[in-house]
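The entries follow in the order in which I made them.

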Protein chains: 2
Amino acid sequence: MQRRAKMTEQVTKLFSLSADGPEMAAALRLLVGFQQELKTGHIAPKWSLEETRRAIEQLDLSAPVGTEAALGETSHLMENGDLLSASARCFGYFNPTAAGPAILGDLLAAARNPQLAVISHAPASALIERRVLGFLCEQAGWPATSGGHFTSGGSEANATALQLALNRANADYGQLGIAAFDGPPVLYASADSHLAWIKIARSAGLGTDAVRLVPAEVGRMQIPELCSMIEMDAKAGRIAVMIAATAGTTNAGEIDPLSECAEIAAQFDVHFHVDAAWAGALILDPSRRSLLSGIDRADSLTIDAHKWMSAPMGAGIIMIRQPELAGQSYSVATGYMPAGDGQDPYITTNQWSRRFIGIRLWMMLRSIGIEGYQKLFDHHFAMAALLREKLTAAGWTLHNHTGLPVILFSDPGDNLDSQKIADRIEQRGKVWLGRVDFDGKSCLRACLTSYLTGPEDIDLLLAELSLVHEELR
Amino acid sequence: MQRRAKMTEQVTKLFSLSADGPEMAAALRLLVGFQQELKTGHIAPKWSLEETRRAIEQLDLSAPVGTEAALGETSHLMENGDLLSASARCFGYFNPTAAGPAILGDLLAAARNPQLAVISHAPASALIERRVLGFLCEQAGWPATSGGHFTSGGSEANATALQLALNRANADYGQLGIAAFDGPPVLYASADSHLAWIKIARSAGLGTDAVRLVPAEVGRMQIPELCSMIEMDAKAGRIAVMIAATAGTTNAGEIDPLSECAEIAAQFDVHFHVDAAWAGALILDPSRRSLLSGIDRADSLTIDAHKWMSAPMGAGIIMIRQPELAGQSYSVATGYMPAGDGQDPYITTNQWSRRFIGIRLWMMLRSIGIEGYQKLFDHHFAMAALLREKLTAAGWTLHNHTGLPVILFSDPGDNLDSQKIADRIEQRGKVWLGRVDFDGKSCLRACLTSYLTGPEDIDLLLAELSLVHEELR
């Protein structure tokens with residue numbers, strides 16, 4: 001008995017989180033240091049890939065060093081080896097600086113570690129998620145019977161939408177799979193949509209060919225082309241199951257004509273999904289909701305809380321107008337799960353064991369609310385306007401006109417290669433921006449995504465652009 | 001300019017994590033309180049579902065209260081509304097008390113928020129994950145060319161295995177989907193396997209019917225039945241693509257005969273997957289690895305670091321013997337992702353945006369190492385032996401003989417209903433255990449899963465069982 005009690009004590013010492021101990025204090029010191037990095041740190045990785053690889057390889061996985069040292073070395077590796085994408089000066093993709101309230105909520109979820117597979121094992125956590133989903137559906141102008149759930153990210157959310165569409169299109173799909181259809185089921189998305197659709201269609205057993213890419217013009221799906229493709233496909237025996245519009249394309253922040261898409265979906269009786277992973281955050285802003293006009297007619301909607309809502313990754317959301325379709329997709333009976341109300345997440349979602357992902361957005365809403373988000377959006381729109389103004393004044397050519405805070409531009413007449421400019425700027429490490437193809441052109445891409453980005457960061461971006469331009473021309 | 005700078009300041013104040021501020025201090029106080037709960041707290045939810053629902057509904061989502069208050073109220077909701085599954089006295093499913101080093105690593109990942117979609121955006125984080133995967137493959141006795149990645153959980157890992165199997169079985173699957181096969185592709189798992197397989201087959205477009213459940217005896221897949229089912233299915237035109245063995249069934253912790261399964265898979269040339277979500281942790285323990293004998297022959301392997309490895313959810317792992325199969329499943333070309341070495345996670349995994357999930361296990365390995373895990377396993381095996389001994393002495397009938405720390409038992413002669421006993425024990429709230437079907441019997445299920453569980457907790461479980469037995473008989 002003595003020996004067993006001692007064993008428990010030993011193991012407890014190794015595994016415990018001492019929230020008031022030296023390891024936690026060390027973690028907090030690292031986080032304070034990180035907050036300073038965010039305003040002034042070098043953004044590109046400081047080490048080469050080879051240096052990073054060597055630094056990791058030389059650590060001996062059979063010689064543990066204790067929590068405090070392990071934290072220090074891991075943070076050191078990330079600080080020197082990773083891109084500082086959370087920086088105020090990173091004008092990169094849709095990776096925000098994670099917001100404090102969401103990080104703290106996430107910490108609470110990690111420590112308490114509730115299991116959201118069934119509601120009865122974590123009623124508070126599960127109902128908080130349900131409440132957040134209800135609130136989002138309301139903001140989107142959806143009926144009170146709508147629902148949804150959190151996912152690992154936009155890919156899982158979009159994959160869920162495809163399952164809803166397939167189940168809606170064919171009652172035998174669940175049991176027989178794709179074989180239940182009389183011809184190949186297909187889905188429609190614009191050529192500028194997020195090409196995770198290819199992976200999603202493949203993983204759903206539809207194959208790459210099932211993703212029908214509708215031509216886009218200036219980043220937006222062309223409705224006449226959409227119609228004629230559906231009609232031609234029908235003649236060829238293909239079965240349309242879903243139109244997936246995009247609200248906020250990855251390259252240019254463009255929004256497909258949602259109302260027209262809804263119209264076509266109704267006309268052909270197919271599921272209408274909107275991938276609003278980034279721009280969907282604007283449902284929280286009444287003054288800008290009209291940008292998403294038509295979203296109230298979607299059958300399902302993807303939003304990533306880890307994009308514009310500034311939650312740490314991965315916090316995807318799938319909103320579902322008819323939640324019973326999710327039950328059809330994911331229900332299963334076992335001899336070891338407790339009986340519930342038919343809405344347990346393990347029988348209405350893709351995952352089984354389930355982290356309390358929703359606490360991140362819940363904490364944002366309870367801490368700063370939609371007013372807080374509106375201030376963020378105001379700020380990003382203002383900074384984008386400032387950046388557009390300064391880019392134009394400095395002679396750069398702007399390419400997209402989305403109105404949202406993603407700006408595509410290039411050297412006038414494309415004398416200088418956008419990729420070369422981006423590479424050189426990355427190398428200098430003071431700011432960071434992307435390089436994308438848009439409407440047949442290679443463009444520089446600056447996106448407002450960190451709450452920290454201020455006028456001085458815009459000025460620095462302009463200064464870097466001008467310096468590199470001078471150097472390369 | 002003045003106005004814009006002020007706006008930045010305002011937004012920064014709302015969104016910042018002040019790691020040395022009062023909100024963080026409040027979070028730490030809550031965590032210290034939680035650590036006390038873990039040894040002595042009431043385990044069942046203190047509030048009824050209705051009370052929890054009301055408490056959540058009455059919070060006004062249009063009237064935010066600031067981070068400190070929001071944290072306090074959220075923690076209060078979880079403390080009263082959730083099952084305390086992390087408790088030392090929770091003998092429930094495979095939900096551990098999350099370990100300190102993993103929680104701190106997770107916090108670092110949430111705050112720094114690296115984007116692991118492409119290696120060049122987070123080289124250190126991505127290579128740390130690769131290093132952990134390499135280490136795990138080595139422990140499993142796999143060749144150095146093996147690989148894998150982290151997932152949201154076992155479901156995503158198992159779904160990935162199915163994609164590997166389908167791609168391996170048919171070179172045209174990626175492009176044409178299920179239609180590339182000459183007959184319905186099917187997979188084999190034991191009747192006691194985790195029935196997420198049903199959801200997985202459905203989401204892969206195979207349909208429920210594609211999951212061929214092989215009869216189990218005392219929880220283990222029956223090999224002669226497996227063979228005859230594959231042969232009969234082949235005659236009926238079905239195409240075997242995968243045998244999915246289980247190492248550590250959810251109900252009873254039983255392990256399928258892995259070597260025999262590997263043999264059959266080789267004979268029929270199908271993908272051999274092992275779902276070792278729980279028991280796979282034992283690859284870290286040389287003295288117990290023989291329990292998993294045959295795992296070195298698997299083509300893919302699922303382990304959940306959030307089960308026996310005590311990481312916070314969701315931290316699934318899919319290990320892959322031939323990583324190039326993953327590339328076939330998930331590759332895609334876009335105009336906005338940077339060129340990489342062909343191993344970027346967004347083209348070799350199911351997700352796109354990707355959290356640094358692997359930091360949790362990395363931190364465990366660097367902090368306490370496999371020696372630390374071995375102490376945990378020693379402890380759990382010792383506690384399970386003690387519990388078996390005491391249950392037998394107290395006259396309970398044991399049903400499974402896995403040797404692993406999951407114990408199924410019931411009242412002798414089944415005079416008392418297991419569900420009633422479990423319900424009454426839950427209601428009393430001092431300890432918690434599960435109720436499952438096993439080998440045609442309704443059993444109580446006690447699993448050692450928290451590092452905190454000591455001899456005094458075993459004694460309390462026995463005392464509760466005896467008290468409730470007395471009360472109900």
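I took buried area as the accessible area (1.4 Å probe) that two parts lose on being put together, summed over both. The model is a predicted one, so I kept local features to pLDDT of at least 70 and side-chain atom pairs to pLDDT 80 or more, while totals for chains, interfaces and linings use all residues. Residues are numbered from 1 along each chain as its sequence is written, chains are lettered from A and ligands numbered from 1 in the order in which they are written, and side-chain values use heavy atoms, with hydrogens and water left out.

Entry on the interface. I found that chain B and chain A bury about 14,400 Å² between them, with 63% of it on carbon and sulfur atoms. On the side of chain B, Phe15(B), Leu61(B) and Arg112(B) lose the most area to chain A, together 7% of what that side buries. Counting contacts (heavy atoms within 4.5 Å), I have 164 residues of chain B against 164 residues of chain A.

Entry on charges across the interface. With a salt bridge taken as a side-chain nitrogen of Lys or Arg within 4 Å of a carboxyl oxygen of Asp or Glu, chain B and chain A share 8. Arg131(B) and Glu57(A) form a salt bridge, at 3.7 Å from N to O. I also noted a network of salt bridges that links Asp106(A), Arg355(A), Arg360(A), Asp106(B), Arg355(B) and Arg360(B).

Entry on pairs within chain A. Over all chains the count of salt bridges is 48. Asp457(A) and Lys39(A) form one, their closest N and O atoms being 3.4 Å apart. Because Asp457(A) lies in helix H16 (residues 455–472) and Lys39(A) in helix H2 (residues 22–40) of chain A, this pair ties together parts that are 418 residues apart in sequence; helices here are DSSP runs of H or I with at least four residues, and strands are runs of E with at least two, numbered from the N terminus. For burial I used under 20% relative accessible area as buried, over 50% as exposed and partly exposed in between (1.4 Å probe, protein chains only). Asp457(A) is therefore buried at 0%, whereas Lys39(A) is partly exposed at 27%.

I then looked up Glu464(A), which forms a salt bridge with Arg428(A), the closest N and O atoms being 2.8 Å apart. Glu464(A) is in helix H16 and Arg428(A) in helix H15 (residues 418–428) of chain A, 36 residues apart. Glu464(A) is buried at 3%, while Arg428(A) is partly exposed at 24%.
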